[in-house]
Amino acid sequence: MFIMTIHLNCYSSQAADLIIERSQTPKARPDQTNLVFGTVFTDHMLTIEWTSTGGWEEPHIKPFDNLSLHPACSAMHYAVQLFEGMKAYRDADDKVRLFRPMLNMNRMAKSAQRACLPAFDKAELVECIKKLIQLDQEWVPKSNSASLYIRPTFLGTEPSLGVKKPSRALLYVILSPVGSYFSTGAKPVSLWADSKYVRAWKGGTGDCKMGGNYGASIYAQYEAVDYGCQQVLWLYGDDHQITEVGTMNVFLFWTNEEGEEELSTPPLDGVILPGITRQSILELTRKWGEFKVCERHLTMADLCCALKERRVKEMFGSGTACVVSPVGRILYQGENLHIPCQEDGPQLASRLMKELTDIQLCWAGLWVLCVCRYLVWPYR
């Protein structure tokens with residue numbers, strides 16, 4: 001591992017122009033043992049406004065508050081909106097660390113281009129986010145099972161009803177201390193697989209992190225609950241390709257058709273969101289070199305055949321919110337497909353969860369950026 005130490009005063013123009021307005025009414029910290037995902041927010045937020053005539057204004061950290069938007073705002077009417085999801089962690093030495101933030105910035109920039117929102121300086125935004133976290137660092141949970149969720153959001157604030165590129169935009173960041181994403185914790189989730197609804201399609205925006213992708217999935221999510229399942233296994237095409245699990249990327253650990261032990265995940269073909277945890281899992285397991293790791297199309301027919309022939313070892317979802325979440329059951333065409341979770345053999349989901357958590361808490365030291373005390377940027 002090679003590291004480089006960067007001092008906190010090394011900022012270029014935009015971050016150097018940051019205006020900080022401290023809250024005069026700090027809130028009480030929540031109970032870290034009972035954090036419900038995304039319901040409690042810190043004392044401050046970051047806002048940066050943009051206009052087509054003036055460009056980006058000075059970034060502003062201010063007390064957490066409601067936004068004021070024009071009623072004709074393009075984000076409201078035409079979903080000119082996107083967001084990101086990142087986390088900060090407190091390690092054993094009481095340092096606060098970000099996990100691969102530039103990957104989030106790269107994805108955010110791609111989503112912004114697709115939404116016709118203005119380009120932004122990715123490194124400068126990370127610097128501003130670091131300042132926000134430094135200000136609210138006491139909100140970062142002192143727990144191995146909790147973290148600080150970071151939600152950068154980008155809105156078109158065009159004050160007219162014309163369907164066009166926005167002439168105004170708002171980029172803001174809010175922070176929320178969080179525990180486990182699922183109320184069941186690390187227990188295997190159950191999935192409803194049905195081609196009735198489609199999460200994304202080729203040529204669409206499934207590979208961008210836009211709010212509309214998620215809002216349109218809520219109805220199917222509640223139908224999954226009606227069928228006794230926790231999440232939707234999203235299928236695509238007449239051959240029922242497996243794409244994503246709820247809001248997560250999906251992995252299958254199995255013995256493939258050629259008898260090889262293989263970890264598979266769908267390829268980034270425009271339908272799949274390029275998850276940061278997904279990429280990290282692929283990089284980790286390829287580095288291990290213990291089994292074949294590939295990006296390939298998987299269908300429900302492939303899965304059903306492999307289950308019948310007892311070739312499935314594990315199946316799990318991955319994402320920033322949950323990290324790694326094992327799958328225990330899939331309801332498909334009226335039949336419950338039981339996915340091995342605790343049978344003999346390598347427990348890959350648990351191993352990956354531990355490995356990624358160790359990295360995020362800097363026990364292993366890869367891929368993290370230390371926000372407070374000093375900064376560490378690892379090279380690979």
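Me: Which residues have the most contacts inside the largest nonpolar core?
Reply: In this predicted model, they are Leu-46, Leu-125, Ile-129, Ile-133, Ile-150 and Phe-154, within a core of 36 residues. A nonpolar core is a set of buried Ala, Val, Leu, Ile, Met, Phe, Trp, Tyr and Cys residues joined through side-chain atoms within 4.5 Å. Buried means under 20% relative accessible area, exposed over 50%, and partly exposed in between (1.4 Å probe, protein chains only).

Me: Which elements give two or more residues to this core?
Reply: Helices H3 (101–114) and H4 (122–135) do, together with strands E3 (44–51), E7 (86–90), E8 (96–99), E9 (147–156) and E10 (168–178). Helices (H or I, at least four residues) and strands (E, at least two) are DSSP runs, numbered from the N terminus.

Me: Which of them gives the most?
Reply: H4 does, with seven residues.

Me: What other core lies apart from it?
Reply: Another core, of 24 residues, includes Leu-235, Leu-252, Trp-254 and Ile-330.

Me: On to the backbone: what is phi of Arg-310?
Reply: Phi is near 55 degrees there, a positive value in a residue other than glycine. Most residues other than glycine have a negative phi. Arg-310 sits in the loop between helix H8 (300–308) and strand E17 (312–319).

Me: And Gln-333, where is its place?
Reply: Gln-333 is in the loop between strands E18 (323–332) and E19 (335–338), and its phi, near 50 degrees, is also positive.

Me: Is Gln-333 buried or exposed?
Reply: Gln-333 is exposed, with a relative accessible area of 64%; Arg-310 is exposed as well, at 77%.

Me: What conventions apply?
Reply: Residues are numbered from 1 along each chain as its sequence is written, and side-chain values use heavy atoms, leaving out hydrogens and water. Local features need pLDDT of at least 70 and side-chain atom pairs count only at pLDDT 80 or more, while totals for chains, interfaces and linings use all residues.
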